[in-house]
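The following exercises concern a single structure, shown below. Each task is followed by a solution in steps.

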Amino acid sequence: MTSSAVALSTAVPGVPAVLRAGPARLTAGFEHFRRLDLRAHQSVHGPMRPLSIDELIDLAERIHLQGRGGAGFPFARKVRAVVDSARRRLADTVVVVNATEGEPASWKDKVLLTRAPHLILDGAAVAARALRASEIVIGVADDGIGGESLMRALAERRMPAPTRMVTMPHRFISGEGGALVRGINGEIPIPPGRKQRASDSGVGGLPTLLSNAETFSQLAIAARLGPRGYASAGTATEPGTTLLSIGGSAKYPAVVEAAVGVPLMAVLDLCDAEVGPGVLMGGFHGKWIGPAAADRAEISWSSLNSVGGTLGAGIILPLGAGTCPLAEVTRVTHYLAGQSAGQCGPCRLGLPDVARAVASLADGSGGSGSVDAIRAAAGGVRGRGACSHPDGTARFALSALETFTEDVAAHILHDGCGQPTKNVLPLPPAEATTGHRLAVDWARCDGHGLCAHIVPELIRLDGNGYPSFPDTPVPAWLETDARKAVNMCPALALRLTDGTKKPNRGKSRH
């Protein structure tokens with residue numbers, strides 16, 4: 001560890017350890033308290049004065065506060081949009097904290113929920129007072145991590161507006177802002193299917209300030225320190241600290257509070273994380289960077305953008321040595337295709353095409369046309385989805401082609417790189433799936449092709465006219481069509497098997 005790094009051993013069961021690479025802001029007091037109740041929170045962080053709406057916007061602008069949920073949208077612009085919408089409509093406002101954290105590799109918001117819940121509530125309270133909001137809503141995942149701690153914190157204090165917690169399914173797309181608003185409104189928690197800003201119409205149709213749990217926590221820190229004190233850490237253009245979820249090859253997976261501008265390699269060394277052929281920056285909707293880029297990158301939006309990466313939601317996943325990069329990418333693209341809401345063409349048909357194209361490169365079946373097939377499939381979904389999921393999945397796959405050039409060549413020219421798949425990239429158990437997989441009895445299959453017409457999202461025909469599909473669980477939203485394909489198979493060759501065991505079905509029949 002570097003001299004500025006501090007290991008915080010008072011951990012919460014089920015939540016990763018917390019480390020520091022720089023000053024203690026969000027993690028202040030963690031070395032003494034497993035969880036900061038209100039008394040401990042006030043002793044560590046001190047009092048916080050309320051802000052007017054103009055003071056709130058000025059503070060957010062002066063510290064360049066960006067959303068920490070992935071997109072990095074300027075917080076001050078969100079606040080202004082809510083104010084303008086409320087004045088135009090003469091409407092009340094709502095503050096929503098997104099702490100659902102649906103991505104498997106992300107843990108930073110769960111750390112805040114379990115260990116520093118009052119920081120989240122402080123930030124929400126500052127915003128709600130400034131906006132004179134009629135309600136505060138905090139969204140958490142239904143995985144049982146953080147909700148009880150948050151409710152205890154709410155019981156310890158008074159909030160400036162009625163405050164409630166809602167739970168959301170722990171799925172990848174449930175963490176999307178529009179999905180959270182729909183869930184709060186009593187609808188199915190999936191993206192709304194059209195571009196709609198929460199500032200215009202959010203909870204109950206009211207102008208809604210929606211941002212990530214870390215964003216509100218950073219606001220609470222800045223409201224205490226002021227712009228100058230907040231800028232004592234970080235860089236001139238990106239002051240402060242940020243929370244990072246470090247996983248992948250890390251021997252010591254952790255959530256790290258790092259000062260913006262700290263070298264990426266210093267953070268990876270802190271967790272004993274080997275880079276290997278590349279590092280995924282920003283999570284499954286992020287970008288890959290190679291070892292040379294990782295060596296010169298710093299933890300900041302500008303630095304990571306300059307080397308082809310992104311900070312995103314602060315998820316950092318180095319691959320390490322000894323695993324096949326393309327096989328790891330294949331696992332994730334199949335997962336992302338299955339996490340679709342299934343409500344628009346780019347998701348229903350386009351993402352399975354991306355996953356199939358990536359798989360054909362990894363297993364060698366696609367030959368020299370694999371790369372063009374991936375680019376075509378990814379290009380077909382970019383900018384066309386009802387939410388950001390198709391764009392993020394395409395970005396993930398395309399950046400893999402750019403980063404793992406040697407592995408791509410090995411899989412095309414030499415039938416693979418010769419490395420096993422170690423499952424370094426974290427995927428959840430098969431929740432949000434039916435628990436079943438498709439399988440084919442090749443002794444019966446005559447290549448009628450009917451199944452591919454019934455459920456094209458899962459099944460395509462290979463070059464010989466026989467069904468080909470990913471060896472992954474059937475997504476819940478496709479179970480009905482999958483069963484229909486099974487029931488209508490003329491040769492009775494297609495079936496659904498128990499998803500807990502992978503069927504030995506081979507790639508295809510030749």
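**Exercise 1.** Determine which backbone atom lies 3.2 Å from a polar atom of the side chain of Arg171, and where Arg171 lies.

*Solution.* Step 1: the atom is the backbone oxygen of Gln339, 3.2 Å from a polar atom of the Arg171 side chain. The model is predicted: local features need pLDDT of at least 70 and side-chain atom pairs pLDDT 80 or more, while totals for chains, interfaces and linings use all residues. Residues are numbered from 1 along each chain as its sequence is written, and side-chain values use heavy atoms, without hydrogens and water.

Step 2: Arg171 is in the loop between strand 5 (163–168) and helix 7 (177–184). Helices (H or I, at least four residues) and strands (E, at least two) are DSSP runs, numbered from the N terminus.

**Exercise 2.** Is Arg171 buried or exposed?

*Solution.* Arg171 counts as buried because its relative accessibility is 18%; buried means under 20% relative accessible area, exposed over 50%, and partly exposed in between, with a 1.4 Å probe and protein chains only.

**Exercise 3.** Describe the open sheet of 4 strands.

*Solution.* Step 1: its strand order is 5-4-3-6, with parallel pairing; two strands pair if DSSP finds at least two bridges between them. Step 2: strand 5 and strand 6 (208–212) are the edge strands, each pairing on one side only. Step 3: strand 3 (residues 94–99) pairs with strand 6 in the parallel sense over 5 bridges. Val97 has Ser211 in strand 6 as its bridge partner.

Methods
A polar contact is a pair of N or O atoms within 3.5 Å; within protein, one must be able to donate a hydrogen and the other to accept it, and residues adjacent in sequence count only if both atoms are side-chain atoms.
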